Amino acid sequence: YGGGPGCNGLTPAQDNAIYGAPNLGPYSKGAGVNIAVFELSAYQHSDIDTWAQTFYGVHYTPPLVDITVDGGPLDPVCPAGDECPPSFNGYSGDIEVDADIEMQLAIAPNVSHLLVYNAPNDFTGQTELDEYTKIAKDNIAASISSSWAVCENDAGAGYAQAENLIFEQMALQ
């Protein structure tokens, strides 16, 4: 599907059309702001560079800033009583991370920084909560994209309540 290289993936124009993103000049493309993505897998910067240079030219450098939590997926420091299995970590979900980053850059290519928050993937969800807490405490992103994991109904009430408290704290800051 899509118009990306090899007929896979979406082009920036296709992403913008899906979201009805208007063309309002540089500010509507993220100029002057930081945005963030929530991730649980390592990724290759070279994959993002290749995608970005395909659509924005060889002089475009994606403004990526990696922020690891609990050691990140390449060097996990799993919370006590939890497990961060190797099969869940490393580059196990890099295609998801690539898609998340590319979607943000398609809609807002002029952002000052695209903050890639990344924690190890675990069994209990504690690393996810740690990552959301880090995002909230940093309070440096104008918007945050999180498409990882399961829907809140499947995660359980305790997890959903903790996540909502974190986002409420972010709104107060």
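Cys 84 counts as buried, because its relative accessibility is 15%, where buried means under 20% relative accessible area, exposed means over 50% and partly exposed lies in between (1.4 Å probe, protein chains only). This is a predicted model, in which local features need pLDDT of at least 70 and side-chain atom pairs count only at pLDDT 80 or more, while totals for chains, interfaces and linings use all residues. Residues are numbered from 1 along each chain as its sequence is written, and side-chain values use heavy atoms, with hydrogens and water left out.

**The disulfide**
- Cys 84 forms a disulfide with Cys 78, and the two sulfur atoms lie 2.1 Å apart; the term stands for a pair of cysteine sulfur atoms within 2.5 Å.
- The structure holds one disulfide, and the torsion about the S-S bond of Cys 78 and Cys 84 is about 85°, so this disulfide is right-handed.
- Cys 78, the partner of Cys 84, is partly exposed, with a relative accessible area of 26%.

**The chain as a whole**
- The protein chain contains six helices and four strands, which are DSSP runs numbered from the N terminus (helices are H or I with at least four residues, strands are E with at least two).
- Read along the sequence, these elements follow the pattern α-β-α-β-α-β-α-β-α-α.
- Of the 173 residues in the protein chain, 40% are buried.
- Among contacts (heavy atoms within 4.5 Å) between residues at least 6 apart in sequence, 79% join residues that are at least 24 apart.
- The protein chain exposes about 9000 Å², of which carbon and sulfur atoms supply 55%; accessible areas come from the Shrake-Rupley method with a 1.4 Å probe, and for residues only the protein chains shown count as cover.

**Strand S1 and its partners**
- Strand S1 (residues 34-39) has five of its six residues buried, so it is largely enclosed by the rest of the structure.
- S1 pairs with strand S3 (residues 113-118) in the parallel sense over six bridges, where pairing requires that DSSP finds at least two bridges between two strands.
- Within this pairing, Asn 34 stands opposite His 113 in S3.
- S1 also runs parallel to strand S4 (residues 143-145), to which three bridges join it, and here Ala 36 stands opposite Ile 144 in S4.

**Gln 104 and its surroundings**
- Gln 104 is placed in helix H3 (residues 94-107), and at 16% relative accessibility it counts as buried.
- If residues up to four places away in sequence are not counted, Gln 104 touches Ile 35, Val 37, Pro 109, Leu 114 and Ser 145.
- With Ser 145, the side chain of Gln 104 makes a polar contact, side chain to side chain, at 3.5 Å; such a contact is a pair of N or O atoms within 3.5 Å, and within protein one must be able to donate a hydrogen and the other to accept it, while residues adjacent in sequence count only if both atoms are side-chain atoms.

**The salt bridge**
- A search of the whole structure finds one salt bridge, a term for a side-chain nitrogen of Lys or Arg within 4 Å of a carboxyl oxygen of Asp or Glu.
- Lys 134 forms this salt bridge with Asp 138, and their closest N and O atoms are 3.0 Å apart.
- Because Lys 134 and Asp 138 are four residues apart in helix H4 (residues 126-138), they are separated by about one helical turn.
- Lys 134 counts as partly exposed at 31% relative accessibility, and Asp 138 likewise counts as partly exposed at 24%.
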